[in-house]
Amino acid sequence: MGEITNVMEFEAIAKQKLPKMVYDYYASGAEDQWTLAENRNAFSRILFRPRILIDVSKIDLSTTVLGFNISMPIMVAPTAMQKMAHPDGEYAIARAASAAGTIMTLSSWGTSSVEEVASTGPGTRFFQLYVYKDRNVTIQLVRRAERAGFKAIALTVDTPRLGRREADIKNRFNLPPHLSLKNFEGLDIGKLNKAEDSGLASYVAGQVDRSLSWKDVQWLQTITSLPILVKGVITAEDAKIAVQSGAAGIIVSNHGARQLDYVPATIMALEEVVKAVQGRIPVFLDGGVRRGTDVFKALALGASGVFIGRPIIWSLAADGEAGVKKALQMIRDEFELTMALSGCRSLKEITRNHVMTDWETPRASLPVPRL
């Protein structure tokens with residue numbers, strides 16, 4: 001793995017190693033995959049305004065999230081069925097995140113349970129929650145996450161139905177037979193049924209509650225004392241309601257561009273959400289982060305931190321726990337370098353003035369045609 005110099009290079013290795021059905025499942029976006037490309041492309045429309053001749057001999061990347069100390073504002077996003085990528089799956093990612101001094105978010109649809117992930121050792125972990133039609137399933141899941149020492153719930157709110165991921169339909173995506181959704185094993189809903197299209201889409205249609213609404217965000221607070229991060233907010237309107245509904249934080253996310261296509265890149269939606277919450281709760285960014293420069297841009301536009309999804313899966317597939325450690329270290333190192341070259345010694349020194357977006361750049365005036 002010595003030849004890998006950035007986290008994007010893990011994807012090609014993962015693609016070689018994984019079965020097509022599995023690679024396609026992780027890689028896909030919804031429908032035309034416009035938002036999938038845009039999540040990346042939008043970062044390239046934000047440029048730096050670096051400040052020079054500042055003593056950057058000491059740089060502090062540490063921060064707190066919901067009161068928990070982490071080594072850097074870079075966390076692990078929830079991604080489903082990690083044992084499809086590597087036999088160590090969620091265990092490897094949990095250990096790598098803990099070693100990096102950051103937070104792992106475990107998916108409801110993990111191929112390891114909350115108890116199994118907790119057994120890997122110390123570390124701050126959040127639990128991503130899908131609300132099932134059977135509320136007792138949800139209550140049990142939240143209780144188990146609490147008992148296993150998880151510190152927050154990331155409630156996914158953009159998935160009343162699964163987005164249309166056409167590769168999964170073509171491949172008739174299903175969980176490989178030796179794996180199951182471990183959190184649901186005892187409840188007889190740990191297996192996806194064979195389907196004519198995407199097995200996961202059929203599963204969601206059968207199990208996940210389409211009636212989920214803001215009153216359920218309040219209901220969730222009556223069954224748990226854990227802070228609730230609302231994951232999947234991309235508008236100012238919903239950001240304001242999230243604050244009113246008692247959310248502890250917002251994750252600006254378009255579900256890795258896997259739900260509704262033609263929504264903006266999350267980095268484009270970020271500032272609208274940040275302005276709407278007026279500093280009352282932290283706002284995090286999920287989607288398209290592949291470089292330390294991306295992390296800096298998100299923080300400059302008001303994010304308190306970022307979550308990374310696919311690069312963690314690709315690095316896991318490429319080299320297990322060591323791959324994930326390397327991916328987290330590379331993004332960390334790039335971010336530290338970006339801070340140094342921008343003249344920022346701590347996260348609080350990163351300001352809106354350190355970036356410019358192309359919509360602020362003065363346009364060259366067009367020549368006036370001669371009459």
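Visitor: What's the volume of the largest pocket?
Guide: About 350 Å³. A pocket here is an open set of points on a 1 Å grid over the protein atoms alone, where a 1.4 Å probe fits, with protein on both sides within 12 Å along at least five of seven lines. The volume is the space filled by probe spheres set on the points.

Visitor: What sort of model is this?
Guide: A predicted model: local features need pLDDT of at least 70, side-chain atom pairs count only at pLDDT 80 or more, and totals for chains, interfaces and linings use all residues. Residues are numbered from 1 along each chain as its sequence is written, and side-chain values use heavy atoms, without hydrogens or water.

Visitor: Which residues lie nearest the centre of that pocket?
Guide: Val 157, Asp 158, Thr 159, Pro 160 and Leu 212. The lining has 19 residues (each with an atom within 4 Å of a point).

Visitor: New topic. How many aromatic pairs are there?
Guide: Twelve, counting rings of Phe, Tyr and Trp (its six-membered ring) with centres within 6.5 Å. Trp 34 and Tyr 262 are stacked (planes under 30 degrees apart). Their centres are 5.6 Å apart, with 15 degrees between the planes. This pair links distant parts of the chain, 228 residues apart.

Visitor: And Trp 109 with Tyr 130, what are the numbers?
Guide: Also a stacked pair: 4.1 Å centre to centre, 25 degrees between the planes.

Visitor: Which residues form the aromatic cluster?
Guide: Tyr 23, Tyr 25, Tyr 26, Phe 173 and Trp 314.

How values were computed:
Rings of Phe, Tyr and Trp (its six-membered ring) pair if their centres lie within 6.5 Å; planes under 30 degrees apart count as stacked, over 60 as edge-to-face and the rest as tilted. Helices (H or I, at least four residues) and strands (E, at least two) are DSSP runs, numbered from the N terminus.
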